[in-house]
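Visitor: I'd like to talk through this model with you, starting with a couple of side chains and then moving on to the fold. Could you put it up first?

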Amino acid sequence: MTEDMSNQQPPEAALAVFAGDALAQAETFASLLAGPGVVRGLLGPREVPRIWDRHLLNCAVIAEVVPPEVKLVDIGSGAGLPGIVLAIVRPDVTVTLLEPLLRRTVFLEECVETLKLPNVEVLRGRAEELKGKRQFDVATARAVAPLDRLLSWSLPLLHEGGELLAMKGERAAEELAGAEAQLSAHGAKTAELVTVGRGKVDPPATLVRVIAGAGSRAAQRRRKR
């Protein structure tokens, strides 16, 4: 049994974050998450009352640190969080929703069609399969994998100077400290914690932002030969 979102008014913060037509799209997406998203197991029923605060707004505030007019890949996009939300609030950004599971890609395709998002493509596959085939300016991920593993998936997909924006919670600092070896192995330039959404979500969202270097140490050695 799913909850009808039609009688739920978006919180006041949503009026500022989702400006203009984006608010109507966000409301429609909320209904898709609460309906088909729950029925198909992409979102737990207990999450429905928290769709706005915990999911939509929490993802939308990432846009504060996404550069303009970039190509963005959302790794393990799942129910489209944060990828679809970012596509709604940032129509200047081209978003690739990368997801390996068929039932999830079907849901994502239905959402993109319903929301009429021309800046989004849905791609079924794993990040490892795109290595050497596609490059992006920004990679996002939410609750996909520990940071050390996420680095090995995302950094090879970024050009030099591109950035990973990984949504992390209370253990963000601990994960970052434990990923030093992977950061070095993949030639990351910098890595830091970034807080977004102050005054819009409570608590503010914590991101790990990693700037990609020229590539992994192994790749650099091959280029020198």
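Visitor: Are Phe-18 and Trp-52 buried or exposed?
Guide: In this predicted model, Phe-18 and Trp-52 are both buried.

Visitor: How many aromatic pairs does the structure hold?
Guide: There is 1 aromatic pair in the structure, and it is formed by Phe-18 and Trp-52 in an edge-to-face arrangement, with 6.0 Å centre to centre and 80 degrees between the planes.

Visitor: And where in the chain do Phe-18 and Trp-52 sit?
Guide: Phe-18 lies in the loop between helix H1 (12-17) and helix H2 (21-39), while Trp-52 belongs to helix H3, so that the pair links distant parts of the chain, 34 residues apart.

Visitor: Switching to the sheet, what is the strand order?
Guide: The sheet is open and has 7 strands in the order E3-E2-E1-E4-E5-E7-E6, with mixed pairing. Strand E3 (120-124) and strand E6 (190-196) are at the edges, and because each has a single partner strand, one side of each is left without a neighbour in the sheet. On average, neighbouring strands of this sheet are turned by 20 degrees against each other, direction ignored.

Visitor: How many bridges join E2 to E3?
Guide: Strand E2 (residues 94-99) and E3 run parallel and are joined by 5 bridges; in one of these pairings, Leu-98 has Leu-123 in E3 as its bridge partner.

Visitor: Which strands does helix H3 touch?
Guide: Helix H3 (residues 51-60) packs on the sheet, touching strand E4 (136-142), strand E5 (158-168) and strand E7 (205-211), and its direction makes about 160 degrees with that of E4. Helix H5 (residues 102-115) also packs on the sheet, where it touches E2 and E3, and its direction makes about 170 degrees with that of E3.

Key. Residues are numbered from 1 along each chain as its sequence is written. This is a predicted model: local features need pLDDT of at least 70, side-chain atom pairs count only at pLDDT 80 or more; totals for chains, interfaces and linings use all residues. Side-chain values use heavy atoms; hydrogens and water are left out. Two strands pair if DSSP finds at least two bridges between them. Helices (H or I, at least four residues) and strands (E, at least two) are DSSP runs, numbered from the N terminus. Axes are lines fitted to C-alpha atoms, for helices over the stretch in contact, and angles run from 0 to 180 degrees between N-to-C directions. Contact means heavy atoms within 4.5 Å. Rings of Phe, Tyr and Trp (its six-membered ring) pair if their centres lie within 6.5 Å; planes under 30 degrees apart count as stacked, over 60 as edge-to-face and the rest as tilted. Buried means under 20% relative accessible area, exposed over 50%, partly exposed in between (1.4 Å probe, protein chains only).
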